[in-house]
Structures are given as C-alpha cells and as structure tokens.
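Thanks, everyone. I have one structure to go through today, and I'll keep to a few places in it. Please have a look at the display first.

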Amino acid sequence: MKKVNTYLIITALLLIILGAVCIVNPVEIFKTMAWLVGLLILLTGIVSLFFGLRAQKYLPNAGSTTLLAAFQIFVGLTMLCNSVLSATTIIVVFAMWVIFEGLSLAVLSFDYKRAGYDRWWLMLLFGVCSIILGFLAMRNPEAVETFMGIMLGFGILANGIERIVAFSALRRIQHTVRDLKESATAHNIDDFQTED
C-alpha cells in the first residue's frame, strides 16, 4: 500500500507542476505537442515503409502502401523541422473538421424537422455555431494555440488534483480497515475471556 501512496503523491505533484507550466506557457506547450504528433507520424511512416517494401512480393496494393508511407515520412519530417507550421496545420485541420461537423449537423437538423422533431432548431443552432467557430479558428490560429495549450494545462492539473483526492480517500479507507481489524480483534479477545 505504501508503494501505491507514494506513486499517487509523486504523480500528482508532477502532473500539477506540468499543468501549471502548460497554463503559463500555452503556446510553447502546444508547439511541443504538435512536434510530438509529427514524431508519431514519422515513426508510423517508417514502420509502414518497411512493411510496404517487404510486402511488395505478396500483396498487390503494397506499392500504394509504400507511397503513402513515404508521404507520412515527409509530413512527419516537415512537422519536426517546423513547429510553427505543424501547430498551424493541426489547428487548420481541426478547424476544417469543426466546420464539416457543423455543416453536417445543420443539414441533419432539416431532416429531423421533416421527421417531426420539435427541437430541430437546436441542432441547427449548434451546427451554425460550429461553422462560425471553425472559421474563427482558421482566421486566428494563434488564439486557438493559446486556448488549447491552456485547456491542456487545466486538464493535466485536474488529473493531478484528482490523484491527491484519491490519495486522501485511500488513506481514509486504510484507517477504516485498520479500525475494523482492531475492533474485531478486541471483540474476539472479549469473547475468549467470556468463555473462560
């Protein structure tokens, strides 16, 4: 149990420190996160390239796998070499996804209206809001970098605080179990003395 307690305290402190650093330097943290995404894409591309080259004898589509792997390696290297470009790319892709989801929701709301759903307008409203937010994110990616870095920091900080709460709850459970054992032991001794 001591190992669990020590693990909870150490990880809680590390997460709280990391969360505070993210909140204080949100843009740098977001660029670091984008760099890690680039590294992941590069490693995935390298693995796919080896697979594609080895599978060319056996699979008919191995050439396209190899070509896609080469493209992944290029994208990964580009993101690793230019953290500003990689952060902006992630934001633009995210913004385009939000716009697409907003358009889908707006169109879907009219299908719900035809089906007789009386709150179809809420779906339309959320769809339009998503479209607007997507366009705003594309217009001002720096603000999105800051916002996402701060949100990441708050998420990490909350995880650290949760571990401190878990540590406190675990200590309380340990005390309760110890008290129950002592009570049971005392009860057994009383029963033994009564029988004598």
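What kind of model is this? It is a predicted one, so local features are only considered at pLDDT of at least 70.

I'll start with helix α4, which runs over residues 83-114. How does its span compare with what 1.5 Å a residue should give? The 32 residues of α4 should span 46 Å, and the end C-alpha atoms are 47 Å apart, which agrees. The expected figure is 1.5 Å times one less than the number of residues, because that is how the span is defined.

Which residues of α4 are buried? They are S86, A87, I91, A95, V98, I99, G102, A106 and S109. After α4 comes G116, which has a positive phi, near 95 degrees.

Now the aromatics. There are three aromatic pairs in the structure. One of them is F94 with W97, a tilted pair with 6.1 Å centre to centre and 35 degrees between the planes. Both residues sit in α4, three residues apart, about one turn of the helix.

Another pair is Y112 with Y117. Why is this one called edge-to-face? The ring centres of Y112 and Y117 are 5.6 Å apart and the planes are at 70 degrees, so the pair is edge-to-face; the cut-off for that class is over 60 degrees. Y112, at 36% relative accessibility, is partly exposed. Y117 is partly exposed too, at 37%.

Next, the surface. What makes up the nonpolar patch of about 370 Å²? V128, I132, L133 and L136 form that patch. V128 belongs to helix α5, residues 120-139. With 37% relative accessibility, V128 counts as partly exposed.

Last stop, R178. Where is R178 placed? R178 is in helix α6, which covers residues 141-195. Its relative accessible area is 42%, so R178 is partly exposed. Which side chain does R178 contact? The side chain of R178 is joined to that of H175 by a polar contact of 3.1 Å. As for distance across the model, R178 and F74 are 104 residues apart along the chain, and their C-alpha atoms are separated by 60 Å.

That's what I have. Happy to go back to any of these places on the display.

Note on methods: Residues are numbered from 1 along each chain as its sequence is written. This is a predicted model: local features need pLDDT of at least 70, side-chain atom pairs count only at pLDDT 80 or more; totals for chains, interfaces and linings use all residues. Side-chain values use heavy atoms; hydrogens and water are left out. Rings of Phe, Tyr and Trp (its six-membered ring) pair if their centres lie within 6.5 Å; planes under 30 degrees apart count as stacked, over 60 as edge-to-face and the rest as tilted. Helices (H or I, at least four residues) and strands (E, at least two) are DSSP runs, numbered from the N terminus. Buried means under 20% relative accessible area, exposed over 50%, partly exposed in between (1.4 Å probe, protein chains only). A polar contact is a pair of N or O atoms within 3.5 Å; within protein, one must be able to donate a hydrogen and the other to accept it, and residues adjacent in sequence count only if both atoms are side-chain atoms. Patches are made of residues with over 30% relative accessible area and no salt bridge: like charges are joined within 9 Å, nonpolar side chains (Val, Leu, Ile, Met, Phe, Trp, Tyr) within 5 Å. Accessible areas come from the Shrake-Rupley method with a 1.4 Å probe; for residues, only the protein chains shown count as cover. A salt bridge is a side-chain nitrogen of Lys or Arg within 4 Å of a carboxyl oxygen of Asp or Glu.
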